[in-house]
Amino acid sequence: MKNRKRNRMLGYDYSQNNLYFVTICVQDRKCCFGNVNTVGTDRDLSVHESMNPYMELNECGSIAQKQWNWLGNQYGYVVLHSFIIMPNHVHAILEIDSNLISDCEIKIKSLSELIGAYKTTSSKQIHLAGFTGFTWQRSFHDHIIRNGGSYERISNYIETNPEKWNTDVFFEK
């Protein structure tokens with residue numbers, strides 16, 4: 001059996017209070033959430049000179065976005081920061097902050113459990129909308145954000161991701 005690379009840091013408690021950068025990909029990098037659009041005409045440019053490429057979500061993308069917001073509403077200790085849905089992946093900064101809840105009986109879910117809840121509920125909603133072939137790639141990429149500078153760089157990366165789509169490692173024509 002093939003040995004899989006370990007995705008999480010050994011010995012780290014991913015349910016502890018922290019900021020986490022996550023990337024979640026669609027299986028086979030299939031572009032199913034919409035398209036990155038740019039300003040189309042000179043007339044548009046004169047009205048919206050500072051307009052940059054942006055992500056235009058289709059129905060699947062809207063569901064993925066709705067379910068991300070659900071995650072923040074469902075778990076009182078989760079704070080959603082920068083977030084973007086791209087054609088075939090999602091980038092986000094998620095914070096776990098147990099100080100936001102007063103009930104000591106509530107079990108704080110780990111980052112893997114939270115992303116699992118997101119992937120499960122978004123897949124179910126996408127399937128119910130008629131897109132039965134949709135699947136997420138197994139696992140996800142994470143990075144523990146350790147300082148303000150790292151947070152700013154990652155947040156900027158997320159927010160400007162549509163501008164870099166044509167050179168993105170996830171870009172698929």
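## Exercise 1: A glycine and its partners

Gly-76 touches Leu-100 and Ile-101 once residues up to four places away in sequence are set aside. Keep in mind that this is a predicted model.

**Task.** Find where Gly-76 sits, and decide whether Gly-76 is buried, partly exposed or exposed.

**Solution.** 
- Step 1: Look in the loop between α2 (59-74) and β4 (78-85), where Gly-76 has its place.
- Step 2: The relative accessibility of Gly-76 is 45%, so this residue counts as partly exposed.
- Step 3: Now go 21 residues along the chain from Gly-76 to Asp-97; the C-alpha atoms of these two are separated by 8.6 Å.

## Exercise 2: The overall plan

**Task.** Describe the order of the elements along the chain, and say how far the model can be trusted in residues 41-50.

**Solution.** 
- Step 1: Count the elements: the chain has four helices and six strands.
- Step 2: Read them from the N terminus on, and the order is β-β-α-β-α-β-β-α-β-α.
- Step 3: Of the 173 residues, 43% count as buried.
- Step 4: Take the contacts between residues at least 6 apart in sequence; 71% of them join residues at least 24 apart.
- Step 5: Turn to confidence: the mean pLDDT of the chain is 88, and 84% of its residues reach 70 or more.
- Step 6: Over residues 41-50, however, pLDDT stays under 50, and the model has two contacts beyond four places in sequence for them. Where pLDDT is low, the predicted coordinates should not be read in detail.

## Exercise 3: Charged side chains

**Solution.** 
- Step 1: Search the whole structure, and one salt bridge turns up.
- Step 2: Its partners are the side chains of Lys-107 and Glu-113, with 3.2 Å from N to O. Side chains of opposite charge can pair when their charged atoms come close.
- Step 3: Compare the two partners with the cut-offs: Lys-107 counts as exposed because its relative accessibility is 57%, which is over 50%. Glu-113, at 36%, counts as partly exposed.
- Step 4: Move to Asp-97, in the loop between β5 (89-96) and α3 (111-128). Asp-97 is buried yet has no salt bridge, and the nearest side chain of opposite charge, Lys-107, is 16 Å away.
- Step 5: See what surrounds Asp-97 instead. A polar atom of its side chain lies 3.0 Å from the backbone nitrogen of Asn-99. Beyond four places in sequence, Asp-97 is in contact with Asn-17 and Tyr-77.

## Exercise 4: Positive phi angles

**Task.** Where do Asp-28 and Arg-29 lie, and what are their phi values?

**Solution.** 
- Step 1: Asp-28 is found in the loop between β1 and β2 (34-37), and Arg-29 lies in the loop between β1 and β2 as well.
- Step 2: Phi of Asp-28 is near 60°, while Arg-29 has a positive phi of about 50°.
- Step 3: Asp-28 counts as exposed at 65% relative accessibility, whereas Arg-29, at 31%, counts as partly exposed.

## Exercise 5: Inside a helix

**Task.** Is Ile-115 buried or exposed, and which residues does Ile-115 contact?

**Solution.** 
- Step 1: Locate Ile-115 in helix α3.
- Step 2: Its relative accessible area is 1%, so Ile-115 is buried.
- Step 3: Leaving aside neighbours within four places in sequence, Ile-115 is in contact with Val-22, Ile-24, Trp-68 and Phe-140.

Note on methods
Residues numbered from 1 in each chain as written. Predicted model: local features only at pLDDT ≥ 70, side-chain atom pairs only at ≥ 80, totals over all residues. Heavy atoms only, no water. Salt bridge = Lys/Arg side-chain N within 4 Å of Asp/Glu carboxyl O. Buried < 20%, exposed > 50% of the residue type's maximum accessible area, 1.4 Å probe, protein only. Helix = DSSP H or I, 4+ residues; strand = E, 2+ residues; numbered from the N terminus. Lys, Arg positive; Asp, Glu negative; His and termini not counted. Polar contact = N/O pair within 3.5 Å; in protein donor to acceptor, adjacent residues only side chain to side chain. Contact = heavy atoms within 4.5 Å. pLDDT = per-residue confidence, 0-100.
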